[in-house]
Amino acid sequence: MSQPRARAPTWLVKLMQVKGMEWILLLIVLGVFLAIAGDTLFGAFSPASAPPSVIAPAQSGASPEADGALEARLARILSGVDGAGRVEVFVAYDAESSPDRVPKGAVVVAEGARDIGVRLALQQAVQTALGVPSARVDVLTMKTTSLPETDTIPTKRSD
């Protein structure tokens with residue numbers, strides 16, 4: 001006597017019948033599901049679980065002077081990014097009264113932020129330095145002030 005052959009579950013049989021573009025759609029749905037499930041199961045990224053950053057020692061001070069020093073140091077580092085130009089930085093903190101202040105997010109204004117590559121490099125550098133997620137970092141293009149172009153040199157009127 002021969003052993004009866006085990007039947008595959010119906011969902012597996014249906015999965016084996018999927019062809020072409022349906023596979024791509026199935027993979028996209030599966031990817032979205034895994035992204036949502038992963039965030040739910042393992043928790044969202046939080047600064048407490050972030051690795052220590054390069055700029056972290058300067059953030060432990062609770063004074064405005066220490067905040068200004070952190071922002072100036074970060075601006076100096078970011079202005080070294082190729083194409084960034086002049087850079088200004090503002091860091092927002094989670095709790096003003098806490099002695100151990102944790103960065104909540106940052107706003108970066110840079111001359112070179114019009115270029116998407118420069119913008120992404122600045123955003124990634126701030127994420128790494130402050131240990132905040134990308135959604136908490138805004139990189140904006142700095143307004144350039146230019147003198148109006150004229151063909152004549154203004155002269156003083158004599159009345």
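This is a predicted model: local features need pLDDT of at least 70, side-chain atom pairs count only at pLDDT 80 or more; totals for chains, interfaces and linings use all residues.
Reader: Why is glutamine 123 called buried?
Author: Its relative accessible area is 17%. Buried means under 20%, exposed over 50%, partly exposed in between (1.4 Å probe, protein chains only).

Reader: Where does glutamine 123 sit?
Author: In helix 5, residues 116-130. Helices (H or I, at least four residues) and strands (E, at least two) are DSSP runs, numbered from the N terminus. The protein has 5 helices and 3 strands. Their order from the N terminus on is α-α-α-α-β-β-α-β.

Reader: How does the span of helix 5 compare with what is expected?
Author: The expected span is 1.5 Å times one less than the number of residues. Helix 5 has 15 residues, with 21 Å expected. From first C-alpha to last, helix 5 reaches 21 Å, close to that value.

Reader: What makes the buried residues of helix 5 line one face?
Author: The buried set is Val118, Leu122, Gln123, Val126, Ala129 and Leu130. Seen down the axis, they fall within an arc of 135 degrees, so they line one face of helix 5. The arc is that of the directions from the helix axis to the C-beta atoms. The face turned away from the buried side carries the exposed residues Ile116, Gln124 and Thr128.

Reader: What marks the ends of helix 5?
Author: Aspartate 115 caps the N-terminal end, with a side-chain oxygen 2.7 Å from the backbone nitrogen of glycine 117. Just after helix 5, glycine 131 takes a positive phi of about 70 degrees.

Reader: What makes a set of residues a nonpolar core?
Author: Its members are buried Ala, Val, Leu, Ile, Met, Phe, Trp, Tyr and Cys residues joined through side-chain atoms within 4.5 Å. The largest one here has 21 residues. Leu74, Leu78, Val89, Val126 and Leu130 touch the most other members. The elements giving two or more residues to this core are helix 4, strand 1, strand 2 (103-110), helix 5 and strand 3 (137-141). Helix 5 gives the most, with 5 residues.

Reader: How do you know which strands pair?
Author: Two strands pair if DSSP finds at least two bridges between them. Strands 1 and 2 have 7 bridges, in the antiparallel sense. Strands 2 and 3 run parallel and are joined by 5 bridges. Phenylalanine 90 stands opposite valine 107 of strand 2. Valine 91 has alanine 106 in strand 2 as its bridge partner. Alanine 106 has valine 137 in strand 3 as a bridge partner.

Reader: Which residues form the covered and uncovered faces of strand 1?
Author: Val87, Val89, Val91 and Tyr93 are on the covered face. Glu88, Phe90 and Ala92 are on the uncovered one. In a regular strand the side chains alternate between the two faces of the sheet.

Reader: Why does glutamate 71 count as buried?
Author: Glutamate 71 has 17% relative accessibility, so it passes as buried. This residue lies in helix 4. Glutamate 71 touches Val89, Phe90 and Val91, not counting residues up to four places away in sequence.

Reader: How much of the protein counts as buried?
Author: Of its 159 residues, 23%.

Note on methods: Residues are numbered from 1 along each chain as its sequence is written. Side-chain values use heavy atoms; hydrogens and water are left out. A polar contact is a pair of N or O atoms within 3.5 Å; within protein, one must be able to donate a hydrogen and the other to accept it, and residues adjacent in sequence count only if both atoms are side-chain atoms. Contact means heavy atoms within 4.5 Å.
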